[in-house]
Amino acid sequence: MDRIPSVDLREFLSEDPNIKQKFINEIGKAYEEIGFVALKGHFLPDDLVDDLYSQVQKFFALPEDVKKKYEIEGLGGQRGYTSFGKEHAKGRKAGDLKEFWHFGQYVEDDPVLEKEYPPNVIVEEVPAFNEVGKKAYKALEKTARYVLRALALHIGLEETYFDQYIKNGNSILRPIHYPPITEEPKDAVRAAAHGDINLITLLMGAQGRGLQVQNHKGEWIDAIAQPDELMINVGDMLSRHTNNKLKSTIHRVINPPKELWGSSRYSIPFFMHPVSDMPLNVLEKCVDADHPKQFDDITAGDFLHERLIDLGLIKK
């Protein structure tokens, strides 16, 4: 496959079973072959997107010493600010050329999880940043729920199979700022080749060249969404759970041509995570004589902890 397929979530929400099944077939095929789709018809309105980018730019424009007071030690970067170059891809030492922020779950009706998750960090200098971030988080979480329902049907599960695991899940909304490049990078790119940890990732800001996906021939292809689309990909948790039936695909964000080094890039992914005690054990429906079980049993929480160590965000 040499391009990212485009699908429309409104087809899945259709009352016509044939149109709904068309969406399930198309997204299932795409995730088995390339692991990425561009999605129209999501729940994120244009005005909310514009508000979020405006607030994100205001936050990252704050002085370094102000931003650093929101970098909370001991959280593994799971809430608040993470400074430039701190995160690196698994197996690499060079830090990525980015800084980012994490909004986490807004727990409802579960005091146990409320204690388990770190609280969201409130930015005093840009008060609307907090409110707009929460609205975007909720809209993307709702979109992700319906995508996972389609995938559950594709692999032969009950439509609402994932609902129990993603309600109050450990999901993250990550506004990223890739600052202007001021000198020739020695061994660093804006985001080195990596696979995502989570169930699925919903990416805002994939317009324009930069994001690239590695197809199964090993070729890098540009992943460019239309303005009304989200780029959505399979993460490693879902790949494990489905015995790699649904593919978690390696992707990267390349440095721009030298003439564009002076410009910033902003990108806002939503990482859909389940609750920590979700078993990621390979589904029986995804194992047969031709596809033996590939992965050991593990919970989502333990898998996440292992990967945060790999990324340099938690020390052993």
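This is a predicted model: local features need pLDDT of at least 70, side-chain atom pairs count only at pLDDT 80 or more; totals for chains, interfaces and linings use all residues.
Figure 1. Within helix α9, which spans residues 300–310, the buried residues are Ala300, Phe303, Leu304, Arg307 and Leu308. These residues lie on the same side of α9, because they cover an arc of only 135 degrees around the axis. The partner of this buried set is α8 (236–241), against which the buried residues of α9 pack.

**Figure 2. Overview of the chain as context for the close-up views.** The secondary structure consists of nine helices and 13 strands. Of the 316 residues in the chain, 55% are buried. Among contacts between residues at least 6 apart in sequence, 78% join residues at least 24 apart. The accessible surface of the chain amounts to about 14,700 Å², and carbon and sulfur atoms account for 50% of this surface.

Figure 3. The largest nonpolar core contains 73 residues, and the members that touch the most others are Trp101 and Ile200. Helix α6, formed by residues 127–154, gives the most to this core, with 13 residues. In soluble globular proteins, nonpolar side chains tend to be buried together. When neighbours within four places in sequence are left aside, the contacts of Trp101 include the aromatic residues Phe59, Phe60, Tyr70, Tyr81 and Phe129. Trp101 is also in contact with Val121, Val123 and Leu173, as well as with Gly80, Arg174 and Pro175.

Figure 4. Apart from the largest nonpolar core lies another core, of 15 residues. Its members include Ala38, Leu203, Ile221 and Val253.

**Figure 5. Close-up of strand β9 and its two pairing partners.** Strand β9 (residues 211–214) runs antiparallel to strand β12 (residues 251–253), and three bridges join the two. On this side of the pairing, Gln212 stands opposite Arg252 in β12. Strand β10 (residues 220–222) is likewise antiparallel to β9 and is joined to it by three bridges. Here the bridge partner of Gln212 is Asp222 in β10.

Terms used: Residues are numbered from 1 along each chain as its sequence is written. Side-chain values use heavy atoms; hydrogens and water are left out. Buried means under 20% relative accessible area, exposed over 50%, partly exposed in between (1.4 Å probe, protein chains only). Helices (H or I, at least four residues) and strands (E, at least two) are DSSP runs, numbered from the N terminus. The arc is that of the directions from the helix axis to the C-beta atoms. Contact means heavy atoms within 4.5 Å. Accessible areas come from the Shrake-Rupley method with a 1.4 Å probe; for residues, only the protein chains shown count as cover. A nonpolar core is a set of buried Ala, Val, Leu, Ile, Met, Phe, Trp, Tyr and Cys residues joined through side-chain atoms within 4.5 Å. Two strands pair if DSSP finds at least two bridges between them.
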